[in-house]
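These are my notebook entries on one structure. I set down what I looked up, entry by entry.

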Amino acid sequence: MALEVISLAQREAEKNSATAIQEITIEVGDLSGVEADAFESALGLLVSDSILENTSINIIRTPGIGRCIACAADFEMTHRMATCPKCECFPSEITGGQEFRVVSLMVE
Ligand SMILES: [Zn+2]
């Protein structure tokens, strides 16, 4: 995952004929399957000598949101198998927190 982000940044920089990237913002959903802290430290180790070496890296964590299929309540899901806190129904439709994407990238 961290490597993918670096190569994406590299391609973006090339597209814009940029030599450096000022800032990158990555959104990591709690239900994306990517552990934000682990991702951040992996990225931290991999950025040296890459296009992101001097970039300020922002990681935004988005909470998991589910909508109960039975009662339509929206609630925060801490994991994919969470049951509805109102009616204890299962399953629920996941409506947020699955994203793993670069939301912005500022080239120099
Ligand atoms: Zn419910």
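Helices (H or I, at least four residues) and strands (E, at least two) are DSSP runs, numbered from the N terminus. I worked on a predicted model, in which local features need pLDDT of at least 70, side-chain atom pairs count only at pLDDT 80 or more, and totals for chains, interfaces and linings use all residues. Residues are numbered from 1 along each chain as its sequence is written.

**Entry: Arg 61**

I looked up Arg 61 and found it in strand E2 (residues 56-62). A residue is buried if 20 or more other C-beta atoms lie within 10 Å of its own, exposed if 12 or fewer, and partly exposed in between, with C-beta atoms placed from the backbone. Next I listed contacts (two residues are in contact if their C-beta atoms, placed from the backbone, lie within 7 Å). Leaving out residues up to four places away in sequence, Arg 61 touches Val 28, Asp 30 and Ala 36. From C-alpha to C-alpha, Arg 61 and Thr 95 are 15 Å apart in space, and they are 34 residues apart in sequence.

**Entry: Phe 75**

Phe 75 belongs to strand E4. I noted Phe 75 as partly exposed because it has 16 C-beta neighbours inside 10 Å. Not counting residues up to four places away in sequence, Phe 75 touches Gly 66, Cys 84 and Pro 85. Phe 75 and Lys 86 are 11 residues apart in sequence, and their C-alpha atoms are 9.0 Å apart in space.

**Entry: the largest nonpolar core**

A nonpolar core is a set of buried Ala, Val, Leu, Ile, Met, Phe, Trp, Tyr and Cys residues joined through C-beta atoms within 7 Å. Which residues make up the largest one? I counted 10 residues in all: Val 5, Ala 9, Ile 21, Ile 24, Ile 26, Val 28, Leu 43, Ile 51, Leu 52 and Leu 105. Helix H1 (2-15) and strand E1 (21-29) each supply at least two residues of this core. E1 gives the most, with four residues.

**Entry: H1 against H2**

I compared the axes of H1 and helix H2 (residues 36-46), which come within 9 Å and cross at roughly 55 degrees. Axes are lines fitted to C-alpha atoms, for helices over the stretch in contact, and angles run from 0 to 180 degrees between N-to-C directions. Angles under 35 degrees count as roughly parallel, over 145 as roughly antiparallel, 65 to 115 as roughly perpendicular and the rest as oblique. H1 and H2 are therefore oblique to each other. In this pair, Ala 2, Leu 3, Val 5 and Ile 6 of H1 meet Phe 39, Ala 42, Leu 43 and Leu 46 of H2.

**Entry: backbone points in loops**

Ser 17, in the loop between H1 and E1, has a positive phi of about 45 degrees although it is not a glycine. Ser 17 counts as exposed because it has 7 C-beta neighbours inside 10 Å. Lastly, I noted a cis peptide bond between Phe 90 and Pro 91, with omega about 0 degrees. Pro 91 lies in the loop between strand E4 (74-77) and strand E5 (92-96).
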